[in-house]
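Please open the model in your viewer and keep the selection panel at hand. The stops below are meant to be taken in order.

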Amino acid sequence: MDRVLTWLLAVLSLLLSVRGQVFRGDCNFERPYSECGYSQGKDDDFDWEQVNTKLRPSTDPWILAGSAFMMVNTSGRFPGQRAQLVVPQLKENDTHCLIFQYYGASGEGSSPGQLYIYVKENNSPVGFPVWNSTGPAFHTWRQVELAVSTFWPNFYQLIFEVVTSGQPGFLAIKDISLQGHQCMSTPHFLHIKGVEVNARQTATFHCTINGQPKDHVNYKLWLQGIGGREALMKDTKPVNLRRYTATFDVVNTTKGDSGRYRCIVQSDKGVGVSSYAELIVKQPPIPIAPPQLTAVGATYLWIQLNANSINGDGPIIEKEVEYRTMSGSLIDNQPVDKPNHKIGHLDPDTEYEISVLLTRPNEGGTGAPGPPLRARTKCADPMHGPRRLEVVDIKSRQFTVRWEPFGYNVTRCHTYNLTVEYRYKVNGKEETREEVCYELQSPTPQHTIRNLSPYTNVSVKLVLRNREGEKESQELDVLTDEDVPGAVPLESIQGSTYEEKIALKWREPIQTYGIIKQYEIFYKAVSSFDPEFNLANQSGKVLKPSNETSHVFTGLYPGSTYSFTIRASTVKGYGSPAFTQFTTKISSPHMPGYDQETPLNQTDSTVTVLLKPAQSRGAPVSVYQVVVEEERPRRAQRTAEILRCYPIPIHFQNATVLSSPYYFTAEFPASRVHSPLAFTIGDNKTYEGYWNAPLLPHKSYSIYYQAVSKANGETKIDCVRVATKAAIIVTQLTTPYVRIAPAAGDSQLTGAATRKPDAVEPGKPTDHTVKIAGVIAGILLFVIIFLGVVLVMKKRGNLQRSVRRP
């Protein structure tokens with residue numbers, strides 16, 4: 001029980017404390033302003049100051065003594081800075097008047113700023129001020145009345161705002177008092193009603209105000225919207241002896257003008273403010289989609305209104321169909337009361353634009369026409385097809401037809417077309433074509449059919465069409481004239497290329513357009529891989545009879561590209577040429593002649609030869625190569641492939657691994673051998689990655705010199721033996737000093753030497769000596785046998801002579 005009692009006491013004390021925080025709005029500022037429920041603005045630039053000169057007199061002559069007030073000191077402030085003082089919310093049940101005094105002080109003829117009063121109703125935006133001070137500072141207190149006609153359950157809140165002018169001075173207010181009666185010099189308003197209008201119409205507000213118009217001649221009345229739009233008073237109308245009604249028009253309204261509006265009257269003592277009323281601006285309805293066409297006739301159109309979805313506001317109280325001709329001035333409206341509607345009594349073959357109009361209540365409730373439907377009434381069938389069709393001109397690839405002119409009485413439609421339909425056979429297959437005739441208004445209309453095949457039968461007729469049907473003319477058969485043949489099929493031209501000739505063959509044109517009489521072939525050299533060739537004389541012409549479709553062109557340059565132009569002819573002349581190109585194969589370079597294989601100099605391990613430049617044949621020489629081949633007993637049985645020089649480069653260090661009898665000892669770019677060059681084989685240097693290893697004295701070698709040409713994916717080589725080196729028979733094996741060759745691309749210095757003990761195969765000296773001895777023995781045996789044969793033959797000759805003497 002004690003707990004319950006304690007809880008009830010706590011709730012009662014809370015209610016009493018809350019009750020104690022309800023403020024009336026009065027404040028004389030002799031006590032702190034916050035105790036009156038006043039507060040500083042949160043969205044301003046600086047605060048108001050509370051001053052009480054009764055308690056603390058001021059030495060500033062602009063500040064009046066013996067007063068308590070709220071003040072704004074504008075000294076040192078920039079123009080446009082704001083200070084706001086917010087009055088607590090006021091909930092009044094009856095007529096009341098709020099009175100305050102304000103004071104302004106500044107230099108002579110200047111103003112410290114402007115004092116504005118805002119009346120904020122409920123939780124709506126602040127809106128625009130209802131009163132402001134004007135003119136220069138006056139250095140005395142002035143009283144202002146605020147007649148605010150906002151009653152419970154609505155509430156309102158006052159906001160005092162000072163906007164500085166940049167001039168020094170003071171603006172102050174004091175003695176804010178809420179009186180429970182009407183203002184003495186400022187009229188009050190009665191309740192204002194809301195207004196609903198359609199867009200682009202005028203919204204008229206009626207504000208009932210205490211007093212008579214004659215008493216308010218110098219008063220200013222206006223309508224203020226919370227969004228900033230204002231309207232001046234239009235006229236007044238007395239209600240009774242104590243009140244009259246002021247009328248305000250908001251003209252040409254839009255959706256943006258919707259919102260809350262209030263009436264304001266400004267007297268010489270203050271300002272009266274009515275409560276807010278709502279302005280509702282409705283948008284007249286407009287269909288979102290155009291009507292749908294459901295049926296078409298020659299003189300009518302059936303449509304579905306399709307007006308369920310709209311832009312704007314309802315309700316819909318009336319529907320209309322508006323239609324107009326696209327060409328002309330006919331405009332008409334028809335009321336509609338069903339979803340589907342038939343528009344009758346229309347002109348045939350005429351295009352109409354049809355829209356739906358929707359209307360909502362109130363004046364101006366008819367919206368703009370919705371999206372239009374464009375539809376055309378039907379045409380009737382043509383009366384007959386074109387007449388008197390005849391051919392007036394025939395050529396190889398075209399002919400011209402002419403017909404009798406016709407007009408609307410035949411077409412029975414404003415829009416029609418006339419086409420020429422013709423058919424013919426190409427390669428046994430029938431082709432059908434159609435062309436539109438444009439020369440219809442001429443007194444002698446005609447049409448030329450072009451791009452036909454020569455010497456071909458063509459069937460032709462005219463077709464007259466409109467939207468509803470078609471009619472045809474009679475059909476004519478026409479034979480086109482002969483013409484030159486078509487081009488030789490490019491894909492049929494084939495060429496077999498050799499080093500100094502090209503074998504060309506082709507097929508006759510697909511379209512001969514007659515009998516082929518002969519072929520004409522022009523040929524001409526256009527380029528060569530070998531810049532030394534003179535191509536000026538490499539051209540000519542060949543004529544071939546119709547039964548020959550091939551030819552061999554001889555005497556051509558290797559590695560050269562030739563252009564061929566082939567065309568066929570009939571009695572009408574030559575047809576279109578076919579162009580192609582073929583390139584002869586390149587030939588091997590021509591190596592210079594070496595009268596004998598005698599080197600310039602020779603030592604036990606080197607051979608010096610003279611390298612001469614080769615003659616290019618179809619492509620420039622790319623590189624020169626020096627090849628060393630060891631003479632072995634099987635040299636005589638070298639295969640034909642080896643006799644074609646040496647296409648595969650083999651380094652010295654790889655020759656033993658690959659069991660190759662040869663290796664490349666040097667390579668030179670062509671630019672280095674533009675004149676005879678002395679070169680030493682075996683100088684222990686590296687040339688373009690190839691090691692020029694010293695020759696072994698006990699081995700026999702053949703030195704080959706070859707030139708390589710590369711072009712167009714071909715590689716051709718020519719070579720010549722420039723020297724030989726015979727083996728030196730030694731009786732004592734020595735240990736030669738040779739260089740270990742670096743691989744291609746190694747950066748070791750050329751000429752460096754190192755000892756290679758196994759260079760002469762020291763493990764098998766007996767085998768080597770036996771081989772040499774065997775060779776010598778064989779030679780001696782051959783000499784002995786040969787001398788024996790010679791002696792036998794000589795003795796036989798002497799015996800025969802002795803027999804003949806008797």
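What follows is a tour from the whole chain to single residues.

This is a predicted model, in which local features need pLDDT of at least 70 and side-chain atom pairs count only at pLDDT 80 or more, while totals for chains, interfaces and linings use all residues. Residues are numbered from 1 along each chain as its sequence is written, and side-chain values use heavy atoms, with hydrogens and water left out.

**Whole chain.** Colour by secondary structure to see five helices and 54 strands; these are DSSP runs numbered from the N terminus, helices being H or I with at least four residues and strands E with at least two. Of the 806 residues in the chain, 43% are buried, where buried means under 20% relative accessible area, exposed over 50%, and partly exposed in between (1.4 Å probe, protein chains only).

**Helix H5.** Select residues 765-804, the span of helix H5, and find Val790 within it.

Is Ser702 buried or exposed? Its relative accessible area is 1%, so Ser702 is buried. Show its surroundings: leaving aside residues up to four places away in sequence, Ser702 touches Val627, Val628, Glu629, Glu631, Arg721, Ala723 and Thr724, a contact meaning heavy atoms within 4.5 Å. With Arg721 there is also a side-chain to side-chain polar contact of 3.3 Å; this term denotes a pair of N or O atoms within 3.5 Å, and within protein one must be able to donate a hydrogen and the other to accept it, residues adjacent in sequence counting only if both atoms are side-chain atoms.

**Salt bridges.** Finally, select Glu322 and Arg324, whose closest N and O atoms are 3.1 Å apart in a salt bridge, defined as a side-chain nitrogen of Lys or Arg within 4 Å of a carboxyl oxygen of Asp or Glu. Glu322 is buried at 14% relative accessibility, whereas Arg324 is partly exposed at 30%. End at Asp349, Glu351, Arg376 and Arg467, which a network of salt bridges links.
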